[in-house]
Amino acid sequence: MPSTTTETVKPVAHEVVLIEGDGIGPEIAAAVRLIFEAAAAPVRWTPAIAGGRAFGAGVATGVPAETVDAIERARLVLKAPLETPVGHGGKSANVTLRKLFEMYANIRPVKELAGITTPFSGRGIDMVIVRENVEDLYAGIEHMQTPDTAQALKLITRRGSAKIARAAYELARREGRSRVTAVHKANILKLTEGLFKRTVEAVGAGYPDITTDHMIVDACAHKLVVAPEQIDVAVMTNMNGDILSDLAAGLVGGLGLAASANVGDHAAMFEAVHGSAPDIAGRGLANPTAFLQAGLMLLRHLGEARAAARIEAALALTLSEGRVLTGDLARGKVEAASTMAFAEAVAANLERVDPAALPEVTAPAGADAAAVQAPTPALPDRITVTTRDDVGFDLFFEVENADPAELGAEITALAEGSPFRLKHLSNRGTAIWPGAVSRTELTPHWRARFVRRADAAAGFDDAAALALIGKVGARHRWMHVEKLLVTDGADGFSRDQGEA
């Protein structure tokens, strides 16, 4: 006779790589594990190391091969803060992890927390900042062109912009949000930030249910302070996103409470935004709220939204009642609790959460659902152009104490007999010769713009360009050259201030 006993089916545990990190990392990681266990969250942890411990063990990247292998297998990471030790170790292990797995989308929910009072409380702040995570100035390509002039290359690609735009629109659609704002500096950086802006708008055309608008980054910074509740989803390039996401976190309690997701097509990593705080490490003073919020983002990414909602409700109870708070929140109002005492209070409050009061979940939802990997954008990797022509080149070279008129005459003479002519000289982005008198303070760093002569043969004569560079180089040290590309009649290069 068949048994009538009803068996409880245990949910399948998801493998997640847990990097406990440095400084306060192990303490807040232990706190989050305690809360997850109390909530029976279906997660199976795989411990791994990165950051200071790895650098100290002689791993130059800060990310051991074993950690890379574990992430490759699980594709999910919950990471506590890492440090980059002074005196040894190389680039940030955080950045290395994002780059290794092409985690191109940084997702930062910004929402008021129950029990956290700020000057902006009650404004209804509920936005998500979607930051491109691997391009822009964070490619880290820099050069000292002269002893006194440094250069950084800002790289923006159509493909990278399309991927982050698609992630932003998919997030908005999943959450039932109505607006995506492209935040940029295209009024000044017309090619790089302009490419980003145009690409977001092109992707947005495929989402007619979502309004697309744009905002210059400085205007957005102003808006975040005077009317933050008007921002819904904001998508932006790497450096703009780095700055504005921290500003936005300050509106709802600060970096100590903020969490983020780093998402790619191959892996997703969830982390607290704050640092490793070595000054308080091992003292039980750290607030685990930000790392717990990162864990909630992880759960929603896994489709475990109901488990996330239950823990979130317990956290809200703990913060709202204000009886058990870590020192950064207690601030003399109550006796400061330790990291684990706070975690134990949240875990105990799980039993007080009314399951009927939790939101119904039909699909991953909430700000954290942004961590679902975005599909490949419906844009080509490259656009098709009818015509393209390299019409000249810019040569950057070094000259101390130069007289613009004399230098212009000298370089003009060097170009005689070549298919190129000197169009102008500039210094620090301002046209200096020929033209009106300029009050620009001159440095040893000059740019000569050579363009093809009207009577020269079509196309770019590499041999002639190299010969001309050699002539200039025989007199002055040159350090950089860029071809001037025109596609379908549109200049693919910027003009100097005052350039005719």
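**Briefing on a predicted model**

Helix 4 (residues 93-100) lies across strand 1, strand 3, strand 11 (259-263) and strand 12 (268-272), and runs at about 155° to strand 12. Such angles run from 0 to 180 degrees between N-to-C directions, with axes as lines fitted to C-alpha atoms, for helices over the stretch in contact; contact means heavy atoms within 4.5 Å. The model is predicted: local features need pLDDT of at least 70 and side-chain atom pairs count only at pLDDT 80 or more, while totals for chains, interfaces and linings use all residues. Residues are numbered from 1 along each chain as its sequence is written, and side-chain values use heavy atoms, with hydrogens and water left out.

**The chain as a whole**

- The chain holds 14 helices and 18 strands, which are DSSP runs numbered from the N terminus (helices: H or I, at least four residues; strands: E, at least two).
- Its C-alpha atoms fill a box of roughly 100 × 50 × 50 Å along the principal axes.
- Of the 500 residues in the chain, 49% are buried; buried means under 20% relative accessible area, exposed over 50%, and partly exposed in between (1.4 Å probe, protein chains only).
- Among contacts in the chain with a separation of 6 or more, 76% join residues 24 or more positions apart.

**The sheet and a helix across it**

- An open sheet of 10 strands shows mixed pairing and the order 2-1-3-12-11-4-5-10-8-9; two strands pair if DSSP finds at least two bridges between them.
- Strand 2 and strand 9 (211-216) are the edge strands, each pairing on one side only.
- From one strand to the next, the twist averages 25°.
- Strand 4 (residues 105-111) and strand 5 (residues 126-132) run antiparallel and are joined by 7 bridges; asparagine 106 stands opposite arginine 131 in strand 5.
- Helix 3 (residues 65-74) lies across strand 1 (14-19), strand 2 and strand 3, at about 150° to strand 1.

**Helix 1**

- Helix 1 (residues 25-38) has 14 residues and spans 20 Å from its first C-alpha to its last, close to the 20 Å expected at 1.5 Å a residue; the expected span is 1.5 Å times one less than the number of residues.
- The buried residues of helix 1 include Ile28, Val32, Ile35 and Phe36.
- These buried residues of helix 1 pack against strand 2 (43-48), strand 3 (76-79), helix 9 (289-301), helix 10 (305-321) and helix 12 (339-349).
- Alanine 40, which follows helix 1, has a positive phi near 55°.

**Nonpolar cores**

- The largest nonpolar core has 75 residues, of which Phe36, Leu78, Val130, Val235, Phe270, Phe291 and Ile311 touch the most other members; such a core is a set of buried Ala, Val, Leu, Ile, Met, Phe, Trp, Tyr and Cys residues joined through side-chain atoms within 4.5 Å.
- Apart from it lies another core of 23 residues, among them Phe397, Ile411, Phe420 and Val472.

**Backbone details in loops**

- The peptide bond from tryptophan 433 to proline 434 is cis, with omega near -15°; proline 434 sits in the loop between strand 15 (430-433) and strand 16 (445-452).
- Arginine 75, in the loop between helix 3 and strand 3, has a positive phi near 65° and counts as partly exposed at 38% relative accessibility.
- Asparagine 401, in the loop between strand 13 (388-398) and helix 13 (404-415), has a positive phi of about 50° and is exposed, with a relative accessible area of 77%.
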